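Here are my notes on the model you sent over. Have it open while you read, and go through the points in order.

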Amino acid sequence: MGAVTSSMAAKFAFFPPNPPSYGVAVEESTGKLKMTEVVQREDVDILKLGTKRGTEIMAMYVRNPAAKLTLLYSHGNAADLGQMYDLFTELSLHLRVNLMGYDYSGYGQSTGKPSEQNTYADIEAAYKCLEETYGVKEEDIILYGQSVGSGPTLDLASRLSRLRAVVLHSPILSGVRVLHPVKRTYWFDIYKNIDKIPLVECPVLIIHGTADDVVDCSHGKQLFDLCKQKYDPLWVEGGNHCDLELYPEYIKHLKKFLSAVEKSTVSKNGNAPSTDQIDKLETSK
């Protein structure tokens, strides 16, 4: 059954840019990896990470010296790191966070083929790199999932109890539900976010465009209803699937959320911060 699921996923869920928007080379002077077709920056590390499923994925880590938190960003479907490069550096700057983005297996210069299970291994490799290479603690990480990226994001978030927060950007309820508004979850469905989001312990911010013609806004609203720790969502009036970053309220709302999250702390019993705690911090400003 797993092979059937992976086959279905590859048919309707994954559309890696072809050809990739960037290349990878080795700097002769330092021996470090660099991305081609992008502006070279001193504050960006380019990495090649091995996954437990035997693929090698490309990742980029953007440093911000003022950062206290780190964003682990799982991008949308028809994109790769070359296309996300400028947005990632801008988000790191304006949100005052370190940011790691990565390409799924079969995307960009990552090896292997896209599949649901591979994306779960991909985000685990990126998360492991943050912990082991950059010394980032779980409680200082915010997982950010855009569109298809909401799948690996929620899968990992459902298994971590000390995460600081989660951001879901144009998220899906599940793969099949993007195609048909079914009432139950079938065995062959992929990215069963509808079943995993109730397991997430930390505050969740959901951002969705009201005019999204790829993933209807009802996906974001239903996921919001199922959140344990609800944060004030952002329904971008007139926003579509791939243009929410162009709306001023997008960055404004993200800044507000991250500012409150940064002031919150993991509780003494090891649990993630609650939205009640965050709300109190906001009202006390």
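**Notes on the fold**

1. Thr-70 is buried, with a relative accessible area of 3%; buried here means under 20%, with exposed over 50% and partly exposed in between, using a 1.4 Å probe and protein chains only. Thr-70 sits in strand 5 (residues 70-74). Which residues does Thr-70 contact, leaving aside its neighbours within four places in sequence? They are Tyr-61, Asn-98, Leu-130, Val-136, Asp-140, Ile-141 and Ile-142, where contact means heavy atoms within 4.5 Å.

2. A word on the ground rules. This is a predicted model, so to speak of local features takes pLDDT of at least 70 and side-chain atom pairs count only at pLDDT 80 or more, while totals for chains, interfaces and linings use all residues. Residues are numbered from 1 along each chain as its sequence is written, and side-chain values use heavy atoms, leaving out hydrogens and water.

3. The protein chain has nine helices and ten strands; these are DSSP runs numbered from the N terminus, helices being H or I with at least four residues and strands E with at least two. Of its 285 residues, 53% count as buried. Among contacts with a separation of 6 or more, 67% come from residues 24 or more positions apart.

4. Eight strands make an open sheet, ordered 3-4-6-5-7-8-9-10, with mixed pairing; two strands pair if DSSP finds at least two bridges between them. Strand 3 (44-50) and strand 10 (234-236) are at the edges with a single partner strand each, so one side of each has no neighbour in the sheet. Strand 4 (residues 56-62) and strand 6 (residues 98-102) pair antiparallel over four bridges, and Val-62 has Leu-99 in strand 6 as its bridge partner.

5. Helix 4 packs on this sheet, touching strand 5, strand 6, strand 7 (141-146) and strand 8 (165-169), and its direction makes about 145° with that of strand 7. Angles run from 0 to 180 degrees between N-to-C directions, and axes are lines fitted to C-alpha atoms, for helices over the stretch in contact. Helix 8 (residues 248-263) lies across strand 7, strand 8, strand 9 (204-209) and strand 10, at about 165° to strand 8.

6. Now the helix pair. The axes of helix 3 (residues 116-132) and helix 4 (residues 150-157) come within 9 Å and cross at roughly 65°. On the helix 3 side, Thr-119, Tyr-120, Ile-123 and Tyr-127 meet residues of helix 4 including Pro-152 and Leu-156.
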